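I opened this entry to keep a record of what I looked up, going from the overall fold down to single residues. The structure I worked from is shown here.

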Amino acid sequence: MAPPRPPGAILMIFTIADDDQDLARALADRLTVEIQAAWAHARPLRIALAGGSTPRRLYEELGGRADTLPWQGLEIFFSDERAVGPEDPASNYRLAHLPWLSKAPPGALIHRIPGELGAQAAADAYDDLLRRAAAGGRALDIVLLGVGPDGHIASLFPGAIGATTRIAEAVPATADRVARITLTLPALAAARRRIVLAQGAAKARALRASLVPGAQTPLARLMAEAPVEFWLDRAAGQALCVDSAP
Ligand SMILES: O=C(O)[C@H](O)[C@@H](O)[C@H](O)[C@H](O)COP(=O)(O)O
């Protein structure tokens, strides 16, 4: 049984991994090939990294390859960040830095979101940086995303997505979460590709809610604008299909 699909969206679902380790390895393999190709063409692969816990294994896997990775073929950005400094345990930069980016050679192209400036100032600085990066007509190549139980992606939460021409924006703090900085929906849609990484049956529920026609979750809003690739482990993939059976 195929998963439900909102009209107009193009889905590519890769259910190729037995578990999170396998999934991380498969995506790391794929990214390594793309980084090598980008290096060969002297045109670094521009990737915006995701936060949350899901990509941790991917970053560990890439960290294990740091010595052989052609870093000149890679330019790193972030999809979102909390309004905290890079040493903070909640920092998305730290999540990628500890296992992987700390092994980058000097001069590697790594653009973190300066969350320590506060959400608005950091969003302004990152918007400016991305605008300058895009000036030659070069978009982000890949945006890597996790998905929250409410279908949020990056730090775009349900009911909080307004029309904007910004690339990065501030997300105010709430009772449950600190202020954040996020790429906007148009910025995510403008990237060449979007990869949603999800593992475990629980994530299938969030995905399914975004795949039904008329869904308005942030993930569904993104899929209405641009194709999304899903990289799922077997548990998420099976639950997605089984749970969507009539
Ligand atoms: O920094 C973050 O928290 C995110 O960018 C957020 O969108 C995350 O990807 C989802 O909430 C999934 O989080 P988990 O991977 O922890 O389930």
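**Overall fold.** I kept in mind throughout that this is a predicted model. I counted the secondary structure first, and it comes to eight helices and ten strands. The radius of gyration is 17 Å, close to the 18 Å that the globule rule gives for 246 residues, so I noted the protein as being as compact as a globular protein of that length. Along the principal axes, I found that the C-alpha trace spans about 55 × 40 × 35 Å. Buried residues make up 44% of the 246 residues, and among contacts with a separation of 6 or more, 80% are between residues 24 or more positions apart.

I then checked the record: an unreviewed UniProt entry lists residues 19-223 as "domain: Glucosamine/galactosamine-6-phosphate isomerase". Over residues 19-223 I read 36% helix and 16% strand, with the end C-alpha atoms 25 Å apart.

**Core.** Which residues touch the most other members of the largest nonpolar core? Of its 73 residues, these are Ala48, Leu144, Leu145, Ile181 and Leu197. Helix α1 (residues 20-40) gives the most to this core, with seven residues. I followed up leucine 145, and leaving aside its neighbours within four places in sequence, I found it in contact with Ala50, Ser79, Ile153, Ala154, Arg194, Ile195 and Val196.

**Helix α2.** I asked whether helix α2 (residues 56-63) is mostly covered or mostly open, and it is mostly covered, six of its eight residues being buried. The buried residues of α2 are Arg57, Leu58, Tyr59, Glu61, Leu62 and Gly63, and what covers them includes α1, α3 and β9 (193-198).

**Ligand shell.** Turning to the ligand, I noted that Gly51, Gly52, Thr54, Gly146 and Gly148 come nearest among the 14 residues around it. By class, the shell has four nonpolar, nine polar and one charged residues.

**Aspartate 88.** I located aspartate 88 in the loop between β4 (80-82) and α3 (92-97). Finally, I looked up its separation from glutamate 116, which lies 28 residues apart from aspartate 88 along the chain, and the two C-alpha atoms are separated by 9.5 Å.

Key. Residues are numbered from 1 along each chain as its sequence is written. This is a predicted model: local features need pLDDT of at least 70, side-chain atom pairs count only at pLDDT 80 or more; totals for chains, interfaces and linings use all residues. A residue is near a molecule or strand if its C-beta atom, placed from the backbone, lies within 6 Å of it. Ala, Val, Leu, Ile, Met, Phe, Trp, Tyr, Cys and Pro count as nonpolar, Asp, Glu, Lys and Arg as charged, and the others, Gly among them, as polar. Helices (H or I, at least four residues) and strands (E, at least two) are DSSP runs, numbered from the N terminus. UniProt positions are given in the numbering used here, feature names are shortened, and annotations may be inferred rather than shown by experiment. A nonpolar core is a set of buried Ala, Val, Leu, Ile, Met, Phe, Trp, Tyr and Cys residues joined through C-beta atoms within 7 Å. A residue is buried if 20 or more other C-beta atoms lie within 10 Å of its own, exposed if 12 or fewer, and partly exposed in between; C-beta atoms are placed from the backbone. Two residues are in contact if their C-beta atoms, placed from the backbone, lie within 7 Å. The radius of gyration is taken over C-alpha atoms; the globule rule is 2.2 Å times the number of residues to the power 0.38.
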